[in-house]
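Hi,

Here is the structure I promised to hand over.

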Amino acid sequence: MHTAFFLLLGASVARFLLRHPGSPSTPWIIALSITLALLYVLGPALGAAPTARRLLWLGLVVAVWVVLVVLAPSFAWCAVPLFFTALRTLPPRAAIVLVALLTVFVVAAQLELSREFDPNLLLAPPAIAALATAVFVHMERQAKSQRALIDDLIRTRRELAATERREGTLAERQRLSMEIHDTLAQHLSSQQMLLQAADRTWDSDPATARAHVRTATGIAARGLAEARRLVHDLAPPELEGGGGLADALLALDAGPDIEVRFHLEGSPAPLPDRVQSALLRIAQGALANVREHAHARTAALTLSFLGDQVVLDVADDGEGFTEPREAAGDRGHGLPAMRARVRQLGGTLTLESTPGEGTVLSAAIPLEPPV
């Protein structure tokens, strides 16, 4: 639009000089043309906001242009770029009024230049002014809509980021609570039971009592290792030796009065660290439930590799029950934690129990197909 203005201004000056050589008003036309060009150049430096300086500048530009049109009607078509300048600077109603006034001057100038009446000269300038105004208003509406959309997107992105941070914090808290329950809390519970058993047999059976104390000492050592792992967010210490999940499950126990057996079925496949950690924690939590609630004599761990999934079964020959423990209001945080672990990996957890026949817990986690 700026380029169009200067092209129209230059063409108007050239036309005047060609049509009116040696005219007494030539110096005025040239001086006013230079003044109008300089004023127009100053416009962008004043910004687009309708400040007092911007309004004064627009008034000077229009005034110089009106004087030029009075002296030389050929300068009338310089009004087209001024339409957009007025629309950008003034409020909508004031801009439309100014555009209408400029259009009147253009029509008058064209009729003066014409040697005979031409309806196009009367209708074309208003049509061009209306078209320019309509295009500008449409563009402004689109720009306003886009700005609102961008603001909404930025606000939504910030809200989403805040939500993700909150969800991440809650997920980390849940993970830590499950880790603490499945490790430190279970170890402390085992130590308490062993020390209570040692206290009961300390006088009557010192050897058994010392064995309970030694076992409690070993559990305390493992609990210390778990606490350090939690601090450093490392893998479970049972998996650090390089033996894998099978060796870690083989080394688990449920206390001195429960025999734990381990079975491996299928061809072992490499498992992601998250899957190994989750299955190990589920096994530890299940054995803790067997020790505290089932009154079982044996427990069986079965790790099955079924190609597209890995399944861990924990079965005991304890008392069993008719409804999940957490539904009955026991202190267990275990089953919800197990379900959360399996759900995070896209797997399923099932629990089957019959009073007097024991309980079977099964955790199935899908595996990605080999590349």
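A quick definition before anything else: a residue is called buried under 20% relative accessible area, exposed over 50% and partly exposed in between, using a 1.4 Å probe and protein chains only. Keep in mind that this is a predicted model, where local features need pLDDT of at least 70, side-chain atom pairs count only at pLDDT 80 or more, and totals for chains, interfaces and linings use all residues. Residues are numbered from 1 along each chain as its sequence is written, and side-chain values use heavy atoms, with hydrogens and water left out.

Let's start with helix α5 (residues 92–113). Its buried residues are Ala 95, Leu 98, Val 99, Leu 102, Thr 103, Val 106, Val 107, Ala 109 and Gln 110. If you wonder about the spacing, an α-helix has 3.6 residues a turn, so residues three or four places apart point the same way. Helices here are DSSP runs of H or I with at least four residues, strands are runs of E with at least two, and both are numbered from the N terminus.

α5 packs against helix α4 (residues 79–89) at an angle of about 170°, with the axes 9 Å apart. That makes α4 roughly antiparallel to α5; the cut-offs are under 35 degrees for roughly parallel, over 145 for roughly antiparallel, 65 to 115 for roughly perpendicular, and oblique for the rest. Axes are lines fitted to C-alpha atoms, for helices over the stretch in contact, and angles run from 0 to 180 degrees between N-to-C directions.

Now the sheet. Five strands make an open, mixed sheet in the order β1-β2-β3-β5-β4, where two strands pair if DSSP finds at least two bridges between them. β1 (259–265) and β4 are the edge strands, each pairing on one side only. From one strand to the next, the twist averages 10°. β1 and β2 run parallel, joined by seven bridges, and Phe 262 sits opposite Leu 301 in β2.

Which strand is largely enclosed by the rest of the structure? That is β5 (residues 358–366), because seven of its nine residues are buried. Eight bridges join β5 to β3 (residues 309–316), antiparallel, and seven join β5 to β4 (residues 348–354), also antiparallel. Ala 363 of β5 has Leu 312 as a bridge partner and stands opposite Leu 349 as well. β4 and β5 form a hairpin with three residues between them, and Gly 356 in the turn has a positive phi of about 85°.

A positive phi also turns up at His 295, about 55°, although His 295 is not a glycine. His 295 lies in the loop between α9 (273–294) and β2 (298–305) and is exposed, at 57% relative accessible area.

Last, the aromatics. Phe 5, Phe 6 and Tyr 40 form one cluster; rings of Phe, Tyr and Trp (its six-membered ring) pair if their centres lie within 6.5 Å, with planes under 30 degrees apart stacked, over 60 edge-to-face and the rest tilted. Phe 5 is buried at 0% relative accessibility, as is Tyr 40 at 3%, while Phe 6 is partly exposed at 35%. The Phe 6 and Tyr 40 rings have centres 5.6 Å apart and planes at 90°, so the pair is edge-to-face.

Cheers
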